[in-house]
Amino acid sequence: MRLNHYITIVTIAATGFSLVAFQQKPKFDLKTSIARGKEIYTVQCMSCHMEQGEGMEGVFPPLAKSDYLMADKKRSIQQVLHGVSGEIKVNGVTYNGEMAAIDLTDEEVSDVLNYVRNSWGNKGDAVKPEEAKAAR
Amino acid sequence: MASLTLKINNKNHTVDVDPKMPLLWAIRDVVGLTGTKYGCGIAQCGACTVHLGGTPVRSCSIPVSAAANKDIVTIEGLSSDNSHPVQQAWIAEQVPQCGYCQSGQIMAATALLKKTPNPTDKDIDMAMQGHICRCGTYPRIRKAIKAASQLMNQKASIK
């Protein structure tokens, strides 16, 4: 085998390896997380919390402009991961229903919460996948 | 117990029930319309889907009191003779296998087509995702929704 042929192959292999080895995890971006979260919301949440997060008074608590939701980010992460039961008070109305735990990856938990916490008049700081991981 | 009026398929029913009773119980056991099925009981499977004020909802998880005096449509309300385009498409494509989830599937599909008359595969997947079918009839469901969409468009163009 000619030497420069050999060098070319080695160079290509090394470049390929370093690309894989040093590629960093894609940086967290709130905007794209919210966009992904919308799809998860449509599939997992919308049948009860409704399209505009309005819920159903007395039955399914609203997420839109919800004092309860926006008061505690950590609680929301727990609730998505583990479900909710028992009495809660949202915007002055008492709810006593049951929400099943939702089977999502850490990234999906962060995405869906970022969507909910930044839609329909809500504005909240980002939920990172690491926070979901820590809450498991 | 409370006396409530349920407006199901354009007919008023007065029922005397615990206001906390799930709407599904009232529809099946009190009013006697058994086309709507009980699947999981926790709004996870979609079998009990009916329309409440035009929106598909899980009737197992809504107290009957929340549905009083609102328009409720069940599978029986689509047509009296299976002539609704979604029902026609379902028959033509032979969608059901065991059939248990299908009234919920059909109600969800009907609601989807009302909102999105020409749904893409993605629209269909998004709208139908919450409806579980143990027989795995999903490809036929998708096909039938597309067929129903065509039937509805044809009907609309004739008018």
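Q: What makes residues of helix H1 (residues 23–31) of chain B count as buried, and which are they?
A: This is a predicted model, where local features need pLDDT of at least 70, side-chain atom pairs count only at pLDDT 80 or more, and totals for chains, interfaces and linings use all residues. Residues are numbered from 1 along each chain as its sequence is written, while chains are lettered from A and ligands numbered from 1 in the order in which they are written. A residue is buried if 20 or more other C-beta atoms, placed from the backbone, lie within 10 Å of its own; 12 or fewer make it exposed, and in between it is partly exposed. Leu23(B), Leu24(B), Ala26(B) and Ile27(B) are the buried residues of H1(B), so they meet the cut-off of 20 or more.

Q: What do the buried residues of H1(B) pack against?
A: They pack against strand E1 (2–8), strand E2 (11–17) and E3 of chain B. Helices (H or I, at least four residues) and strands (E, at least two) are DSSP runs, numbered from the N terminus. Gly32(B) follows H1(B), with a positive phi near 90 degrees.

Q: Why are strand E3 (residues 49–52) and strand E4 (residues 55–58) of chain B called paired?
A: Pairing needs at least two bridges between the strands, as found by DSSP. E3(B) and E4(B) have four bridges, in the antiparallel sense, so they qualify. Leu52(B) stands opposite Thr55(B) in E4(B). The two strands form a hairpin with two residues between them. Gly53(B), in the turn, has a positive phi of about 55 degrees.

Q: How is chain B divided into domains?
A: Domain 1 covers 2–77 and domain 2 covers 85–158. The bounds come from an automatic or database domain assignment. Their centres, taken over C-alpha atoms, are 22 Å apart. Contacts join 13 residues of domain 1 of chain B to eleven residues of domain 2 of chain B. E3(B) gives the most to the domain 1 side, with three residues.

Q: What makes the largest nonpolar core a core?
A: Such a core is a set of buried Ala, Val, Leu, Ile, Met, Phe, Trp, Tyr and Cys residues joined through C-beta atoms within 7 Å. The largest one has 59 residues. Val112(A), Val86(B), Ala109(B), Ile145(B) and Ala148(B) have the most contacts inside it. Helix H3 (residues 102–115) of chain B provides the largest share, six residues. Leaving aside neighbours within four places in sequence, Ala109(B) is in contact with Val86(B), Ile145(B) and Ala148(B).

Q: How do you know that the span of helix H2 (residues 30–44) of chain A is close to the expected one?
A: The expected span is 1.5 Å times one less than the number of residues. H2(A) has 15 residues, so 21 Å is expected. From its first C-alpha to its last it reaches 20 Å, close to that value. Ser33(A), Ile34(A), Gly37(A), Ile40(A) and Tyr41(A) are buried in H2(A). The buried residues of H2(A) pack against helix H3 (46–49) and helix H6 (106–116) of chain A.

Methods. Contact = placed C-beta atoms within 7 Å.
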